[in-house]
Amino acid sequence: MRCEAEGVIIVALPVVNGITSKGDEFEKREFVLQCDDWYKKKMKFSMISFGGPMEDYPEVGDSVSVKFTVEAMESKGRWFNEVRAYNITRRG
């Protein structure tokens, strides 16, 4: 499922670094977006980089447009959703 949301980054959560099961390094950053809709809903999303640290990631206060996918995962009989950004554009 591909979606898009616009708003302002209000929280940048701590960076998570790790190693995949194949031995590759990754960096994961999570942000909270306050949407521009009537009710100012909030959405947490993540960005993942394989092959080095991310460059030019959004910062708190940036007005952005986020294109993302929603993916479901199962772990130990429980299901979770992950919102993964694949394109972030800063707005004027």
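This is a predicted model: local features need pLDDT of at least 70, side-chain atom pairs count only at pLDDT 80 or more; totals for chains, interfaces and linings use all residues.
The chain has six strands and zero helices. Read along the sequence, the pattern is β-β-β-β-β-β. The C-alpha atoms fill a box of roughly 40 × 35 × 20 Å along the principal axes. Of the 92 residues, 30% count as buried. Contacts between residues at least 6 apart in sequence were also examined; 53% of these join residues at least 24 apart.

Strand pairing was considered next. Strand S1 spans residues 2–12 and strand S5 spans residues 63–75. The two run antiparallel and are joined by seven bridges. Within this pairing, arginine 2 stands opposite threonine 69 in S5. S5 also pairs with strand S6, residues 78–90. Here twelve bridges join the strands, again in an antiparallel arrangement. Serine 75 stands opposite arginine 78 in S6. S5 and S6 form a hairpin, with two residues between the strands. Lysine 76 lies in the turn and has a positive phi of about 55 degrees.

A further hairpin is formed by S2 and S3, with five residues between them. Four bridges join these antiparallel strands. Valine 16 stands opposite lysine 28 in S3. In the turn, glycine 23 has a positive phi of about 90 degrees. Serine 21 is placed in the loop between strand S2 (16–19) and S3. Serine 21 is exposed, at 81% relative accessible area. From serine 21 to glutamate 71, the C-alpha to C-alpha distance is 20 Å. These two residues are 50 apart in sequence.

Aromatic side chains were then compared. The structure holds two aromatic pairs. In one of them, the rings of phenylalanine 26 and phenylalanine 50 have centres 6.3 Å apart. The planes of these rings meet at 50 degrees, so the pair is tilted. Edge-to-face geometry would require an angle over 60 degrees, and stacking an angle under 30. Phenylalanine 26 lies in strand S3 (residues 25–35), whereas phenylalanine 50 lies in strand S4 (residues 42–50). The pair therefore ties together parts that are 24 residues apart in sequence. Phenylalanine 26 is partly exposed, with 22% relative accessibility. Phenylalanine 50 counts as exposed, at 57%.

Two arginines sit over tyrosine rings. Arginine 2 lies over the face of tyrosine 86, at 5.0 Å from the ring centre. This is the arginine that stands opposite threonine 69. The charged end of arginine 29 is placed over the ring of tyrosine 57, 3.6 Å from the centre.

Glutamate 30 is a charged residue in strand S3. Its relative accessibility is 17%, so glutamate 30 counts as buried; the cut-off for that class is under 20%. The side chains of glutamate 30 and lysine 44 are joined by a polar contact of 3.5 Å. Residues up to four places away in sequence were set aside in listing the neighbours of glutamate 30. The residues touched are then Val11, Ala12, Leu13, Lys44, Phe45 and Ser46.

A search of the whole structure finds zero disulfides. Cysteine 3 is in no disulfide, and the nearest cysteine sulfur is that of cysteine 35, 11 Å away. Cysteine 35 is likewise in no disulfide, with the sulfur of cysteine 3 as the nearest, at 11 Å. A disulfide requires the sulfur atoms to lie within 2.5 Å. Cysteine 3 is partly exposed, with a relative accessible area of 24%. Cysteine 35 is buried, at 13%.

How values were computed
Residues are numbered from 1 along each chain as its sequence is written. Side-chain values use heavy atoms; hydrogens and water are left out. Rings of Phe, Tyr and Trp (its six-membered ring) pair if their centres lie within 6.5 Å; planes under 30 degrees apart count as stacked, over 60 as edge-to-face and the rest as tilted. Buried means under 20% relative accessible area, exposed over 50%, partly exposed in between (1.4 Å probe, protein chains only). A charge sits over a ring if NZ of Lys or CZ of Arg is within 6 Å of the ring centre and within 35 degrees of the ring normal. A polar contact is a pair of N or O atoms within 3.5 Å; within protein, one must be able to donate a hydrogen and the other to accept it, and residues adjacent in sequence count only if both atoms are side-chain atoms. Contact means heavy atoms within 4.5 Å. Two strands pair if DSSP finds at least two bridges between them.
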